[in-house]
Amino acid sequence: DRDDPVLLREELGDVLLQIVFHADIEKDAGCFNIYDVANDECVKMIHRHPHVFGTAEVENATQVSENWEQLKLKEKGGNKRVLSGVPSGLPSIVKAYRIQEKARNVGFEWDDASGAWEKLLEEIDELIATAEDIIAHPEKYRDSCRYKKLATLFFEPSTRTRLSFEAAMYELGGQVLSMASAGSSSAAKGESVADTAKTISCYADIIAMRHPKEGAPMVAAMNASIPVINAGDGGHNHPTQTLADLLTIWREKGKFTGLTIGLCGDLKFGRTVHSLIAAMARYTGNKFVLISPEELKLPSYVKKDILQKNGIEYVQTTDLEGALPDLDVLYMTRVQRERFFNEEDYLRLKDSYILTPEKLEKAGEGLKILHPLPRVNEISVAVDDDPRAMYFPQAKNGMFIRMALILKMLEVQV
């Protein structure tokens, strides 16, 4: 029903999310026509229905279109570019999914890129093995990045991710150049992400970037002469948080296969959720239980392109308590105020799920509770003493896995 504002908003919102998600893939493969046509249509639809989307979203759609127009590649992608993955500045965790999409976009069959998945899993294993060794033998790594500098460029607020990266570099014996907010940088004067990346490349050896605009770290990686790590880009992805999640799951469950994983809360805008699904979908026998209000369901493109396409079992439900007994891992997320354009919608949905000791009585003893943090009130503080609560060890694991990633990106041998 095109006249139903709720349905129209959900449909067009999914379209915009999908376009933004695939923008860097198609751009990197040289497939601009596909993206341009789809993006133009999306922006036109939003402009035709301002009463549904509101001024902020109309402006955002226009800005997305204008930003990506500036990213035309000088070289067109072919076989070699498609199969070689995205620029080396992006973390390995997102490479294989993008390679698959790029291969499809330029007309290749999936078999042509099948080795990419094996390479991805090998790299995850390598990073986890390095992180485990760092935990066991920290003294080996204390001077491994001596005289190296990490620039943390955070264009939106962060505590754990920024300090985790900085602590990781200090633990490796390196130094940190920090930009904690967009207001303290030349971005406030209108400097582009591309120019910022080129400039910071003159001062540092590696960049960790968080940005509210989807695809911004990709722009930085294309223009920087040093590695760029995506520390979160809008509602798109948060690859290094996924690496922290994977290390935690590995240390607590001892495997990545045959797990029933519940994801609860904001599944629509939760970039950590999207990244974790993409990662865990690569391992056999996993099942996903998607727990959310109707308004915050997992975007249809994630279900279609990752879960359905690969024949992965999943169920959608609004009942957290009913799902708990079957879960091996529960990944709680907050409803993110900063992703909402309507304060009323946020206030209505923010307390949709609150995990309490009483609810956990229905869960198994082997359950592990994860949360990317920050927590608002979706997990009661009374749960913190439960031995199944792993979100603070998970935060510490984030430092160890980022140490491993920095070593890999800088090609440091220890």
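This is a predicted model: local features need pLDDT of at least 70, side-chain atom pairs count only at pLDDT 80 or more; totals for chains, interfaces and linings use all residues.

Reader: Great. Let's take the sheet with E1 in it: what is the strand order?
Author: The order is E2-E1-E3-E4, in an open sheet of four strands with parallel pairing.

Reader: And which strands stand at the edges there?
Author: Those are strand E2 (175–179) and strand E4 (228–233). Each has a single partner strand, so one side of each is left without a neighbour in the sheet. On average, neighbouring strands of this sheet are turned by 15° against each other, direction ignored.

Reader: How many bridges join E1 to E2?
Author: Five bridges join strand E1 (residues 149–154) to E2, and the two run parallel. As an example to click on, Leu153 has Met179 in E2 as its bridge partner.

Reader: Which helix lies across E1, E3 and E4?
Author: That is helix H17 (residues 391–409), which runs at about 140° to E4. Strand E3, for your selection, is 206–211.

Reader: Nice. Switching to the sheet with five strands, what is its order?
Author: E7-E6-E5-E8-E9, again open and with parallel pairing. Strand E7 (314–317) and strand E9 (368–370) are its edge strands, each pairing on one side only.

Reader: What joins E8 and E9?
Author: Strand E8 (residues 329–332) pairs with E9 in the parallel sense over three bridges. Tyr331 stands opposite Leu370 in E9. Helix H11 (residues 239–253) packs on the sheet there and touches E8 and E9, its direction making about 165° with that of E9.

Reader: And which helix lies across E6 and E7?
Author: Helix H13 (residues 300–308) lies across strand E6 (287–291) and E7, and its angle to E7 is about 155°.

Reader: How do H12 and H13 cross?
Author: At roughly 15°, with the axes of helix H12 (residues 271–280) and H13 coming within 10 Å. The two helices are therefore roughly parallel to each other, and their crossing is right-handed.

Reader: Which residues make that contact?
Author: His274, Ile277 and Ala278 come from H12, while H13 brings Tyr301, Val302, Ile306 and Leu307. By type, the residues of this contact of H12 with H13 are six nonpolar, one polar and no charged.

Reader: What about H9 and H10, at what angle do they pack?
Author: Helix H9 (residues 193–200) and helix H10 (residues 216–223) pack at about 50°, and their axes are 8 Å apart. H9 and H10 are therefore oblique to each other. Their crossing is right-handed.

Reader: Who meets whom in H9 and H10?
Author: Val193, Ala194, Ala197 and Lys198 of H9 meet Ala216, Val219, Ala220 and Asn223 of H10. The contact of H9 with H10 divides into six nonpolar residues, one polar and one charged.

Reader: Last one, Val329: buried or exposed?
Author: Val329, which lies in strand E8, counts as buried because its relative accessibility is 1%, and the cut-off for buried is under 20%.

Reader: What is Val329 in contact with, beyond its neighbours within four places in sequence?
Author: Its contacts are Lys253, Thr260, Ile261, Gly262, Leu367, Lys368 and Leu370.

Notes: Residues are numbered from 1 along each chain as its sequence is written. Side-chain values use heavy atoms; hydrogens and water are left out. Axes are lines fitted to C-alpha atoms, for helices over the stretch in contact, and angles run from 0 to 180 degrees between N-to-C directions. Angles under 35 degrees count as roughly parallel, over 145 as roughly antiparallel, 65 to 115 as roughly perpendicular and the rest as oblique. A crossing is left-handed if the near helix is turned anticlockwise from the far one by less than a right angle, and right-handed if clockwise. Contact means heavy atoms within 4.5 Å. Ala, Val, Leu, Ile, Met, Phe, Trp, Tyr, Cys and Pro count as nonpolar, Asp, Glu, Lys and Arg as charged, and the others, Gly among them, as polar. Two strands pair if DSSP finds at least two bridges between them. Buried means under 20% relative accessible area, exposed over 50%, partly exposed in between (1.4 Å probe, protein chains only).
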